[in-house]
Amino acid sequence: MSNDTCKTCLNGWSGNDCGIPLHPNHVTITERDEPCYIVQATIVNHEIDMLKLKIENSLPYTDEFIVIEGDKTFALEPKTFYLKDHKKELSSLVKLRQHHVHIKTRDKFSWDVQNEMRLSNTTLHNLYKDIPLNSLVIFTDLDEIVRPEVLHFLKYYNCSPYPTGVKWDTFLFGFFFFDSVVNRQSSFGTIFKSPLDIRHQPKTWTIPKGGWHCRWCFTIEDIQMKLKSSPYVDLPRIADNPEKMKSNVIYEHIINGKWFLGKKLIPRIEPKDFPINTPIYMRSYDWWINHPPNKTA
């Protein structure tokens, strides 16, 4: 078991090291004889700040990161490999593998490009023979951050049946404010599955409050790039409306808690619980108040 200790357990967690989460009665949990080797895999388009945040909140429990980056966006527009300019910095934090995907599909009105990015035609074992065979693979979207406490649990405890993921808390507004638990696809698997297979595997049970989903937690420029990169098959496509892509329009949506596709306003929340080292624009509403477009600090 880890030597980690904590003064106060997370709500509902138990154990001498506060390392056991809430779980169904039928789940059996035991300590591992050896720590589990943990691999996290994710897809990046251009969102380096979010990737760094994800990595920093995975330490020291994640043994390596596999970052998947394509030569085209989900809209099949050519793009540069952004990670190459940041690989040295990020590799100083964790063992980092940069996996390039050269997109083959030409049909921008299909999900094929996303399936290619999720390595649908191979497994991590086929790609990287040096990864331990009994490793745990965590495949999540870039804006989904697993709690360090959950990673500690996965590394030092075994359980039957094994969880297939977590329930995400939204910790900050994007275009709209809401405070809710988000249920997503499965996230935990083995190196003998593709990330796409992991995503679609049947669910067993999920760890409550197991991480954060930072929806649209980007600068205005990064939001615009994210929208431009969005798949044509994911309708309605905001990037096809030039008016909605304007900086002042995006800013108004952020400030007022409005979504592009409706007039409903959702009360703003002030985050009380968010990942470590979160950039100020991801956690401070006041920062946005004081930084409208074209206004510098």
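Q: Why is Lys-52 called partly exposed?
A: The relative accessibility of Lys-52 is 30%. Partly exposed covers the values between the 20% limit for buried and the 50% limit for exposed, so 30% puts Lys-52 in that class. The model is predicted, and the value is computed from its atoms.

Q: What makes Glu-89 and Lys-52 a salt bridge?
A: Their side chains meet with N to O at 2.9 Å. The cut-off is 4 Å between a side-chain nitrogen of Lys or Arg and a carboxyl oxygen of Asp or Glu, so the pair qualifies. Glu-89 is in helix α2 (residues 87-91) and Lys-52 is in helix α1, so the bridge ties together parts that are 37 residues apart in sequence. Glu-89, at 38% relative accessible area, is partly exposed.

Q: How do you know that Lys-72 forms a salt bridge with Asp-71?
A: The closest N and O atoms of Lys-72 and Asp-71 are 4.0 Å apart.

Q: What makes Glu-243 and Lys-246 a salt bridge?
A: The side chains meet at 2.9 Å, N to O, and this is within the 4 Å cut-off. Glu-243 is partly exposed at 43% relative accessibility, and Lys-246 is partly exposed at 40%. The structure holds 14 salt bridges.

Q: How do you know that a disulfide joins Cys-9 to Cys-18?
A: The S to S distance of this pair is 2.2 Å. The cut-off is 2.5 Å, so the pair is called a disulfide. With -75° about the S-S bond, the link of Cys-9 and Cys-18 is left-handed.

Q: Why is Cys-18 called buried, and what is Cys-9 called?
A: Cys-18 has a relative accessible area of 9%, which is under 20%, so Cys-18 is buried. Cys-9 has 29%, which falls between 20% and 50%, so Cys-9 counts as partly exposed.

Q: What makes Cys-214 and Cys-217 a disulfide?
A: Their sulfur atoms are 1.9 Å apart, which is within the 2.5 Å cut-off. The angle about the S-S bond is -115°, and the link is left-handed. Cys-214 has 0% relative accessibility and Cys-217 has 2%. Each value is under 20%, so Cys-214 and Cys-217 are buried. By the distance rule the count comes to two disulfides, and with bonded cysteines counted along the chain the pattern is 1-2, 3-4.

Q: Which residues touch the most other members of the largest nonpolar core?
A: They are Met-50 and Leu-227, in a core of 34 residues. At least two residues of this core come from each of α1 (48-56), β3 (64-70), α7 (220-228), α8 (247-256), α9 (280-283) and α10 (285-289). Helix α1 gives the most, with five residues. Leaving aside neighbours within four places in sequence, Leu-227 is in contact with Trp-216, Arg-237, Ile-238, Ala-239, Met-245 and Phe-260. A second, separate core has 22 residues, including Leu-136, Val-150, Tyr-157 and Cys-159.

Q: What makes Cys-159 buried?
A: The relative accessibility of Cys-159 is 8%, under the 20% limit, so Cys-159 counts as buried.

Q: Which residues of α8 are buried, and what do they pack against?
A: The buried residues in α8 are Val-249, Ile-250, Tyr-251, His-253, Ile-254 and Ile-255. The buried residues of α8 pack against α7 and α10. Just after α8, Gly-257 has a positive phi of about 70°.

How values were computed
Residues numbered from 1 in each chain as written. Predicted model: local features only at pLDDT ≥ 70, side-chain atom pairs only at ≥ 80, totals over all residues. Heavy atoms only, no water. Buried < 20%, exposed > 50% of the residue type's maximum accessible area, 1.4 Å probe, protein only. Core = buried A, V, L, I, M, F, W, Y, C linked by side-chain atoms within 4.5 Å. Helix = DSSP H or I, 4+ residues; strand = E, 2+ residues; numbered from the N terminus. Contact = heavy atoms within 4.5 Å.
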